[in-house]
Amino acid sequence: MPVVYKKQDGTITIHTRNTSYQMKIGPLGLLLHTYYGPTINTDAGCSLVYRDRGFSPNPYDAGIDRTISADTLPLEYSCEAAGDYRAPALSINRKDGFMTGDMRYEGHQVVSGKYSLPGMPAVYADEAEAETLIVTLKEKNTGLKAVLKYGVLPELDVITRTAEIINGTSETVIISQAASAAVDIMTSADWDLIHFSGRHAGERTPYRTEIAQRETVISSRRGISSHHQNPFVILAEKETNEQYGQCIGMNLLWSGSFAANVSKDSYGSVHAVMGIQPDRFDYPLEPGESFIAPEIALTFSNEGLGRLSRNYHKLIAEHVCRGPWKNRRRPVLINNWEATEMNFTGEKIISIAKKAGELGVEMLVLDDGWFGKRDDDFAGLGDWYVNTNKLGCTMGELAEEVRKMGMKFGFWIEPEMVNEDSDLYREHPDWAFAAPDIDPIRDRYQLVLDFSREEVVDHVLDQICEVIDDCKADYIKMDMNRPLFDIYSRTAEYQSRGRLMYKYVLGVYRFMEKLLERYPDLLLEGCSGGGGRFDAGMLYYCPQIWCSDNTDAIDRVRIQYGTSFAYPIRTMGAHVSACPNYDTKRYVPIDTRAVVAMEGTFGYELDLNRLSEKEMKQVTAQIETFKKYWNILHCGLYYRLTDVMENRQEAAWMMVSEDGSEALLNIVTLDVTGNKPNRFIRCAGLDPDASYRDDETGMVYSGNLLMSTGLLMPMRAVEGHNLVTTPPEYDAFQIHFTKI
Ligand code: GLA
């Protein structure tokens, strides 16, 4: 049984295959968090400290007992109104500004299967694969409740959490914080916070910082999860590395503003709270209404960061991503953006498609610029009808041409946006977020449509569906190219910023859900100026997301490395693009670009007509390699072999098939020096007692040798000579091992 209640000591313990998570009904009904770690079968309440600590207040009903304080005890869902001065999970005000919401345990139940969340992304599982624990907390003498839900996927070592706040009072209350989860770690060890921060074209760089007696907040206020911070953090013991040590992941399934607040409390415990961004949240909850916090997926690993990532990879690939494409090999695509931007004709697109088809590419994606008056950034967004003058045909006709070449067809949309120079804006200026008397902030000359309004979502969807119907699109790239700013709805239905931003995200989810309901076979790729909305919430709708607008293979090694901590390889949109690179102007050999793009969905984003004959042959060979290795690339267990942030000599990663019969080692060389010292690449995930054959050279290695000494960095043959030499910078190797 994954959930065990022991009445005699008041513990509720969730067991997964390798972990236990325990809460305890404490004094006065405070729900305490006592443990999250390797499996235990006893009451972890022995670690609790009841002491009179100065300046930590006591609930009134504690009477003269000064040892009970919400400020010093680890709480399952810490409530500010209970007297907790740490970052609270729950903070509610009455209309007169007074704090309320001191929640105490009321009851719990366990049901089979995994709960779902209406209109929101949530991990799903078969009835037999999961269990749900529902714990109800209630405030004494008021009708306020917090219903905490836990989804337990024992085989995956994953526990999901969410909270529903119910206003059972007769007054409106204002929620200023309702986190998805709080995690307290009772410890005297040093712990670190690992977060994934960046910028446009430089997303998800891992940073590791000490958790100290100060609050560290990782957050986005942009209305999207953002390029700047990712809604995923890891709490790791100081010594934890890829293979060893304790760590806890917190992965939020939410695509809007969020915050993770992490600190060490005054007595050494780690306190982390994560959920929707509380800054300016102020969500009015009317009598009888409830608010549902987005889901968060927790996992604990005692085998380092690599294991933690693999837990998430499995969870996201099999229990978050949905639809027929989730386990299918995705078509190798060609996208015209970097080749043409918006400056194209139908003929040009056909010429790109033709060459791509000849070389083995399987799908054409027509990017931005096919609709309305869209020839530059200034106009067209919102007018989702085909510019037949520019294309010289309808979308249906273009798709037909492409299909004649044996390829699938898809196109780009940016449904949440509008340009002031568009028919949509001229007709419905009040559909854009803006206050009536204040000029809105523009970004890329565009405004954001108020997707909290159903009629706006429906209108845009209907327009786009007409185009899909005409061309029977196989694929859609759904972009979002600016953050939210003027959070003001003209309906005046809800002028609370928090409520509007929350409803906006639900509107985006509704758009995607309706799109997929109507076209169940559609392959939807998420995008937000590259990876500005790369989160587990989006992955519930899109099994892949364009990882970054930066397609430089060497920068991508770092971006994909950072992304891999939380998200599976097969969700990362990655393309081979032209050199010198669009963004960095760097030159990287085309085979290296392909090895890096295969650590992702794999496709091309350039005009293949401009390649040399030799490069064209290489492209055909790359596509063959991708098809041959697809299963292990996308479904194998993923191991990061080098720390890309530290090791400037080479980057390496490998995939090992689940049954252990094969492995694929990928190496990209970075810095070179003359007379280079020997370099070995240490593999991981192999059977130590087995032997492995390098299928290209026929060399046989012991699993133990590959994982201890490592594989000696291969040499490169010098063209035209009978010599081998140290590989140059930005060279790449893909070595396939078969277990013998
Ligand atoms: C964003 C995307 C790009 C491309 C452009 C089109 O930047 O990330 O891939 O689609 O928009 O405007």
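This is a predicted model: local features need pLDDT of at least 70, side-chain atom pairs count only at pLDDT 80 or more; totals for chains, interfaces and linings use all residues.
**View 1. The whole protein.** The protein holds 13 helices and 42 strands; helices (H or I, at least four residues) and strands (E, at least two) are DSSP runs, numbered from the N terminus. Its radius of gyration is 27 Å, close to the 27 Å that the globule rule gives for 740 residues, so the protein is as compact as a globular protein of that length. Here the radius is taken over C-alpha atoms, and the globule rule is 2.2 Å times the number of residues to the power 0.38. Along the principal axes, the C-alpha atoms fill a box of roughly 90 × 70 × 45 Å. Of the 740 residues, 63% are buried, where buried means under 20% relative accessible area, exposed over 50%, and partly exposed in between (1.4 Å probe, protein chains only).

View 2. The ligand is surrounded by 13 residues, and the closest are D367, D368, K477, G530 and D549; a residue counts as near if one of its heavy atoms lies within 4 Å. That shell divides into four nonpolar, three polar and six charged residues. In this grouping, Ala, Val, Leu, Ile, Met, Phe, Trp, Tyr, Cys and Pro are nonpolar, Asp, Glu, Lys and Arg are charged, and the others, Gly among them, are polar.

**View 3. Polar atoms facing the ligand.** A polar side-chain atom of D549 lies 2.5 Å from an oxygen atom of the ligand. For D479, an N or O atom of the side chain is 2.8 Å from a ligand oxygen atom, while G530 places a backbone N or O atom 2.8 Å from an oxygen atom of the ligand. The protein covers 96% of the 310 Å² of accessible area that the ligand has on its own; such areas come from the Shrake-Rupley method with a 1.4 Å probe, and for residues only the protein chains shown count as cover.

View 4. Q229 is buried, with a relative accessible area of 17%. Its side chain meets that of S197 in a polar contact of 2.6 Å. A polar contact is a pair of N or O atoms within 3.5 Å; within protein, one must be able to donate a hydrogen and the other to accept it, and residues adjacent in sequence count only if both atoms are side-chain atoms.

**View 5. Helix α1.** In helix α1 (residues 304-319), 13 of the 16 residues are buried, so the helix is largely enclosed by the rest of the structure.

**View 6. Backbone details.** N141 has a positive phi of about 65° although it is not a glycine; this residue lies in the loop between β8 and β9 (144-153) and, at 76% relative accessibility, counts as exposed. R204 also has a positive phi, near 55°, but R204 is found in strand β13 (residues 202-210) and counts as buried at 2%. Finally, the peptide bond from C579 to P580 is cis, with omega near 0°.

Conventions:
Residues are numbered from 1 along each chain as its sequence is written. Side-chain values use heavy atoms; hydrogens and water are left out.
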